[in-house]
Amino acid sequence: MSTHPRAGTLPAPADLVDLQALADAYAGTRPDAGDPEQRIAFGTSGHRGSALRASFNEAHILAVTQAVCDYRREQGIDGPLYLGRDSHALSAPAAATAIEVLTANGVEVRVDRDSEYTPTPVVSHAILLHNRGRERGLADGIVITPSHNPPADGGFKYDPTTGGPAEADATKWIEQRANALLAAGLDGVRRGGGDGRVVRQDLLGDYVEDLASVVDFDAIRGAGLRLGVDPMGGAGIHYWGRIAERHGIDLTVTNTGIDARFPFVPLDWDGRIRMDPSSAYAMAGLLDLRERFDVAFGCDTDHDRHGIVAPSVGLLPANHYLAVCVDYLFRERAQWGQDVGIGKTAVSSAMIDRVAADLGRRLVEVPAGFKWFVQGLLDGSLGFTGEESAGATLLRRDGGTWTTDKDGIALGLLAAEITARRGRDPGELYRDLEARLGRAFFARVDAPASHAERQAIGRLSADAVRADTLAGDRIVATLTHAPGNGAALGGVKVVTGHGWFAARPSGTEDIYKIYAESFRNAEHLAAIQAEAREIVAAALGPKQE
């Protein structure tokens with residue numbers, strides 16, 4: 001796919017969403033419950049849509065919030081519910097709608113004391129703190145966010161009492177119940193009245209204070225590092241100043257803008273506004289300032305994803321930073337036991353596998369989706385968990401649970417700790433890994449696929465792959481289930497001694513995604529990608545429409 005000619009430049013007025021039209025559509029559009037595109041659908045990160053496409057409107061939030069209330073009753077969850085939201089335009093009205101339904105159902109809703117935006121990791125942190133040592137009155141949570149999606153989008157995520165993304169049985173139950181309520185014209189949705197209440201809590205302060213249990217601020221202060229951060233207009237916009245003040249670090253917020261149109265975020269590769277800290281186009285503003293800082297970082301709109309800017313390389317690819325984190329943490333966290341392992345998704349770089357082997361640590365490889373890491377983070381058996389899309393979290397320094405969802409704030413500050421303790425930025429440290437363990441060439445590309453083909457790719461069996469070699473190397477494994485937990489990959493992964501590819505269907509577009517990596521060179525990577533298309537086509541058989 002070609003790059004937009006204005007990628008990396010600030011939006012023009014015509015690129016900005018009409019906030020009034022968006023608000024009117026949220027309140028006034030009635031979705032068609034018979035149209036699959038307008039129904040509630042929980043993916044790996046909850047339900048997402050746009051009021052302008054009749055896929056994220058007041059009716060959706062009424063129905064899905066009532067479904068959450070029904071699920072809570074079904075599961076016997078009777079503690080408070082922590083409600084977070086980001087700075088997307090649809091998040092404020094959606095949060096108001098959710099509160100109306102929650103309180104009508106008798107739920108105690110906890111929100112930030114000062115009506116601050118509340119990032120995803122802060123909700124996870126609050127749930128876990130509340131539930132620590134409890135057997136009754138357990139808390140759960142909702143975060144209103146579409147993550148890094150464009151300004152016209154909205155999103156809704158449910159976190160059960162584990163504090164992390166809900167498992168498939170929960171999301172399926174909530175999705176089915178919500179769509180039944182939509183089909184019934186919202187009959188069964190409670191609004192107004194009820195004996196619930198809204199309780200204000202210093203969620204920002206609690207999180208900022210506790211950060212010292214996961215990041216070594218003494219090292220950062222002692223090194224005198226100059227740090228920069230671009231919140232990208234997101235939910236953590238007011239967190240960074242408090243972090244700098246409380247922990248005494250030299251941290252400059254390079255972009256203080258708050259505007260639901262996000263006019264200060266450069267256009268992404270396709271010419272759309274997307275608050276993606278792993279995109280060099282969206283992070284162009286911070287990249288221009290990289291020489292001012294010893295290390296800098298950005299976060300997406302709900303601050304669960306990170307992007308690290310190092311003077312030595314610019315924007316560090318997500319996989320590179322994950323490998324650096326693993327190498328650093330398992331050498332420096334002395335209180336983590338030798339049995340504490342590493343979690344990665346199947347489409348993340350095999351450099352992480354090599355680092356784990358070098359450390360002599362157990363590696364747990366799971367399908368895409370952070371939900372697969374929740375139990376390992378809860379019981380402390382996984383010290384660091386990450387995915388190639390720039391999401392990760394870690395244990396506290398003493399080995400206790402920090403969050404069970406991705407934490408972009410902690411991962412940004414960890415880059416500062418690593419730089420302080422090692423005296424070199426993460427880009428330089430990754431080069432050291434390459435010199436010791438080999439150079440990896442990684443890329444994700446998309447290939448066209450009809451709806452039927454997408455479904456078929458998601459159901460492929462290992463037997464359907466008939467090839468014996470990939471880009472000149474013998475195939476040593478063909479996987480349709482993750483080796484770490486036996487869960488279905490929702491696609492196929494083919495592995496050789498010098499590279500691999502994984503094919504997974506898109507959930508929304510007529511494409512499938514090819515993740516590929518070579519430990520030889522760029523030409524070998526291109527050969528893997530080309531043969532991946534051939535292998536998938538042969539596995540599918542005659543073209544399906």
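**Entry 1: the pocket**

I worked from a predicted model. I began with the lining of the second largest pocket and asked which helix gives the largest share. It is α12, with three residues. I then listed the elements that each supply at least two lining residues: α2 (58–75), α5 (168–183) and α12 (374–378).

Next I looked up the space in this second largest pocket; it comes to about 240 Å³. I found 15 residues lining the pocket, and those closest to its centre are Y71, P160, T162, E167 and D169.

**Entry 2: helix α16**

I moved on to α16, residues 522–540. I counted 19 residues and a reach of 27 Å from the first C-alpha to the last. That is close to the 27 Å expected at 1.5 Å a residue.

I asked which residues of α16 are buried. They are H524, L525, I528, Q529, A532, I535, V536, A539 and L540. Viewed down the helix axis, these buried residues of α16 fall within an arc of 145 degrees, so they line one face. I noted the background: an α-helix has 3.6 residues a turn, so residues three or four places apart point the same way.

I then checked the face of α16 turned away from the buried side; E523 and E534 are exposed there.

Last, I looked up what the buried residues of α16 pack against. The strands are β17 (441–448), β18 (469–470), β19 (473–481), β21 (499–505) and β22 (511–518). Helix α15 (451–458) is also a partner.

Note on methods
Residues are numbered from 1 along each chain as its sequence is written. This is a predicted model: local features need pLDDT of at least 70, side-chain atom pairs count only at pLDDT 80 or more; totals for chains, interfaces and linings use all residues. Side-chain values use heavy atoms; hydrogens and water are left out. On a 1 Å grid over the protein atoms alone, a cavity is a set of points where a 1.4 Å probe fits but cannot get out, and a pocket is an open set with protein on both sides within 12 Å along at least five of seven lines; lining residues have an atom within 4 Å of a point. Grid points are joined across faces, edges and corners, and a volume is the space filled by probe spheres set on the points. Helices (H or I, at least four residues) and strands (E, at least two) are DSSP runs, numbered from the N terminus. The expected span of a helix is 1.5 Å times one less than its number of residues. Buried means under 20% relative accessible area, exposed over 50%, partly exposed in between (1.4 Å probe, protein chains only). The arc is that of the directions from the helix axis to the C-beta atoms. Contact means heavy atoms within 4.5 Å.
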